[in-house]
Structure formats: C-alpha cells, structure tokens
Amino acid sequence: MKSWHALAPLLAVLGLTGCASSPLLDAAEARDFTRLSKEIEAARKSGELDDGTVRDVAAVVASGEIENAKGLEGEKLVGGLVGCAPALESALDDRAEKDDDVAATASWVLLSAGLEDEDEFADYALDNDPRAAFRALGARSLVDLDDADLRRKLFLDLDERVRLGALKAALSSPIDADFDALLEAARLDPSSQARSTAARALGQIGGTRSAYALKDLWLRADGRLREAVAAGWAAPATFEAGGRDQLQNAAEAGGEGSVHAALLLSRIPELDAKAKAARASAMGVLVRVIKQGTREDRSVAILMAPTSTEILDAVREAKDTGDTAVAILAQARLVREGKPDEQKKAKEKLFELAKKADDPDAPRARAELATLGDKRVVPMVEKELSSKNPFARAYAARTLVTLGESPRAAGLLADKEAQVRVDVACAIVSRED
C-alpha cells in the first residue's frame, strides 16, 4: 500500500484541478515512464491532451523527481528549480524535511525564490551543524547584524558552499565592518563564484573606498570577475562615489568586461551634463562592439543595448555578418524594433536560417521565432524531440512550450533522462504559474 507521503504530489495536483485520477496521472505518480509515454501518445491521438492536463502531469513528474532525488545528481537537479519553485513549493517543502544534502538544496531553492525568509535557516550556522550543506544554508541566512561576526568567520570556511553562503548573506545585508574580509575574499578565494559575490558585496557597501578597491580588482581580474566588479561600481552606494567614472574608464578601455561596464552605464538617467556624457560614451562603446567585437560581446550587446538610432544601425550592419549566431540575434532584434518594411524581411531571414537542419545555430533561430510566436517552426522543433542529445531534446521541448504548444512537448515528461524530464516539467509549470 502506498504511503500518504508518496501520494502527496498527486493529491496536491488533484486538489488544485478538481479532477479525478486518470491513467496519465497514475502513470506519472507511479514513475512508470514507459507507461506514461504510451498514455501521453494515446491522449494526444484522441485529442484529450490539453494544456491543463499536461500541466497536471508535469507537476506530478517534477514532484516525483524532487522526492526521489539523491546524491550529487539530485542536488544538481533540485538546484535548477528556482525558476519554477512557486509552482512546486509543496514538493520542495516536503523534500526539505529530510536530512541529506538534497534537502539542504531544496531549502536553498525556496530561499532563493523568495519563498522563505532570509534568516529562516540561521540556526544551522549558529549551531555549527556538522553537515556542510546545512551549515552553508545557515551561513546564507546570517543576515542579522548580531550574526555578522560569525558570517565573517565563515568567509574562510574550508567548504566552498559555506563560504559562498556567507558571502551571499553579506551581499544581501551589507555593513562596513565586512569590508576588509570581503576584499580579501574577492582577491584570494579559490572559487570564482565566491570572488564574484564578494566583489558585488563590496559595491553594496559603497563609498570611495569601495570604488577604488574594485578598481584594483578589475586590473587583475578575468572576465567573470570583471562583470561582478562592474556590477559593484553600478550599485547605488558606489556609483556616485566614483563608480560612474570607473565604469566609463573600463568601458572605453576595451577588453574583457568592457561591454558589461558599457551596458550598465548606458542605463543611467541623464540627470546632469556629466551623466549625459557618460551615457553617450557608453552607447558609443556598444555601437563599436556590435560592429566589430568578439562573438560573445557582440551577442550580449545586440541583446541588451538600449534602443537608439545608432544602435539599430549597428544591428542592421551585424545582420549581414558572416557569423550566423550574431546574425540571428540581429535579425530577431530587427523583427521587434526595426522599421515596418524590414520587420517582415528580418523574420523571413530568420526562418531561412531556422530551416538549415545541419546548421548548429539553427535551433537558436527557431527559438527566436518561437518567442515571436511564429508557429511555422513547430514541425522543425518537433524533430529535435527525438535527438540523441539530451540537451537538444530539452531545448526543443522548451521552445515548444514558449510557443504555447505544451501538449507537443509532453512526451519528454517521460524521457529516459531525469534531467530532461525535470527541465521540461519546470518549463511547463512555470509558464502557467
């Protein structure tokens, strides 16, 4: 006889929908994916597989995966659910009640999604829990001023997860007393994620001291850390204390991180002549990057640069580049923001790129068309559902969900790979939530 706990995800779904059980939901709850695949196909053929049914099945599949997640793979699987956590809150709450590392990860997801108070788990750190995953969760909750001394101590913990949790708490609750310890972490922590978090936290503390400390970091930083330094300069507490000037210098100097500095600077309000000049400089940098930057920088700038006549002219130039990945992004932006006579042309060019079955960039073109609601790509995307590559299968399913075609993606809720099942289920429930 099945336990109440095992039935909880299914009963939760039935309570929401008011529906009786069905062969589809029975198979999903039993985690019999061979049977579920057959039931999904039968429901499609009979026309009974509507959006509501697919969402119910997706919720049960995801809840089952959360409940059964184990080990490092389980931590990875559950840790990727922040975006759909509101729709799966009950299952995550249940999983968080256990005492393994996956339970700690489920709690971290709930906290990250704003479904738990930030200080909810502080006792794990205050009591020096011997389990590193729970101590890390506790470190993340050390946001109260009374806990700051312990938080700084945990910046130096031997476990990377604990250090990162403490640094995230400092980012969330900045105080001057953390400055020296954060600067040391930003310079010396072996984890790039920890260094980046520390740099952002320095920006939140603010003042001239933060602006110049971040400048010192920028000079020796790699691309990822430079992105964090730029974000630190852009923090309100640092921006007017030298951060704006440092962003402008970094943007104009070029090199790694410069495009991110320019993007941040391009969004500042033009409140005075100095701000207007800084923004104009940043926009000039972005135009140059779109025209002749690296593929990565061009892509970021095309996606994120504020709209202006000069930016759109640069995008028009980029659409004819020999780099297909860049051209796809440029065409997609022109569909959204171009002149009426070029919007249709840009969409048709995207469709031509999407039809190139052997082009590795074609899936991106299909995804862009999906965000534009162009259902001509549905047959092409459906072919990718049977790809041998798990990532490609999940990507195709998410593209169909974006198009409002969840029933066509539903078959992958029974995929042989747990990560694919969860990725697709998350996309479905978060779109509806």
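Contact here means heavy atoms within 4.5 Å. The model on screen is a predicted one.

**Stop 1: helix α13**

Select residues 192-205, which form helix α13. The helix has 14 residues, and the distance from its first C-alpha to its last is 20 Å, close to the 20 Å expected at 1.5 Å a residue. Ten of the 14 residues are buried, so α13 is mostly covered. The buried positions are Ala194, Arg195, Ser196, Thr197, Ala198, Ala199, Ala201, Leu202, Gly203 and Ile205. To see what covers these residues, display α11, α12 (179-188), α14 (208-220), α15 (223-234) and α16 (236-253), which are included in the covering elements.

Now go to the two ends. Which residue caps the N-terminal end of α13? Serine 191 does, with a side-chain oxygen 3.3 Å from the backbone nitrogen of glutamine 193. After the helix comes glycine 206, which has a positive phi, near 85 degrees.

**Stop 2: serine 191**

Serine 191 belongs to the loop between α12 and α13. Is serine 191 buried or exposed? Its relative accessible area is 6%, so serine 191 is buried, the cut-off for buried being under 20%. Leaving out residues up to four places away in sequence, serine 191 touches Glu160 and Arg163.

**Stop 3: helix α9**

Select residues 132-140, helix α9. Nine of the nine residues are buried, so the helix is largely enclosed by the rest of the structure. Selecting them one by one gives Ala132, Ala133, Phe134, Arg135, Ala136, Leu137, Gly138, Ala139 and Arg140.

**Stop 4: arginine 151**

A polar atom of the arginine 151 side chain lies 3.0 Å from the backbone oxygen of leucine 142. With neighbours within four places in sequence set aside, the contacts of arginine 151 are Leu142, Val143, Ala166, Ala169, Ala170, Ser173, Ile175 and Asp178.

**Stop 5: the largest pocket**

Display the surface and look for the largest pocket, which holds about 380 Å³ of space. Its lining has 17 residues, and those closest to the centre are Glu75, Thr105, Trp108, Arg161 and Leu164. Which helix gives the most to this lining? Helix α7 does, with six residues. At least two lining residues come from each of α5 (71-79), α7, α9 and α11.

**Stop 6: the largest nonpolar core**

In soluble globular proteins, nonpolar side chains tend to be buried together. In this model, the largest nonpolar core has 129 residues, of which Leu36, Leu92, Leu182, Leu286 and Leu413 touch the most other members. Helix α18 (residues 273-292) provides the largest share of this core, nine residues.

Centre the view on leucine 92. Beyond its neighbours within four places in sequence, leucine 92 is in contact with Ile66, Val78, Leu81, Ala85, Ala106, Val109 and Leu110.

**Stop 7: alanine 314**

Select residues 309-318, helix α20, and pick alanine 314 within it. At 0% relative accessibility, alanine 314 counts as buried. Not counting residues up to four places away in sequence, it touches Val287, Ile290 and Lys291. For a distance check, take the C-alpha atoms of alanine 314 and lysine 345: the two residues are 31 apart along the chain, and the atoms are separated by 17 Å.

**Stop 8: two loop residues with positive phi**

Arginine 31 sits in the loop between α2 (23-30) and α3 (33-46). Its phi is near 55 degrees, a positive value in a residue other than glycine. With 28% relative accessibility, arginine 31 counts as partly exposed.

Finish at asparagine 128, in the loop between α8 and α9. Asparagine 128 is not a glycine, yet its phi is positive, at about 50 degrees. Is asparagine 128 buried or exposed? Its relative accessibility is 54%, so asparagine 128 counts as exposed, the cut-off for exposed being over 50%.

How values were computed
Residues numbered from 1 in each chain as written. Predicted model: local features only at pLDDT ≥ 70, side-chain atom pairs only at ≥ 80, totals over all residues. Heavy atoms only, no water. Buried < 20%, exposed > 50% of the residue type's maximum accessible area, 1.4 Å probe, protein only. Helix = DSSP H or I, 4+ residues; strand = E, 2+ residues; numbered from the N terminus. Core = buried A, V, L, I, M, F, W, Y, C linked by side-chain atoms within 4.5 Å. Expected span 1.5 Å × (residues − 1). Polar contact = N/O pair within 3.5 Å; in protein donor to acceptor, adjacent residues only side chain to side chain. 1 Å grid on protein atoms, 1.4 Å probe; cavity = no way out; pocket = protein on both sides within 12 Å on 5 of 7 lines; lining within 4 Å. Points joined across faces, edges and corners; volume = space filled by probe spheres on them.
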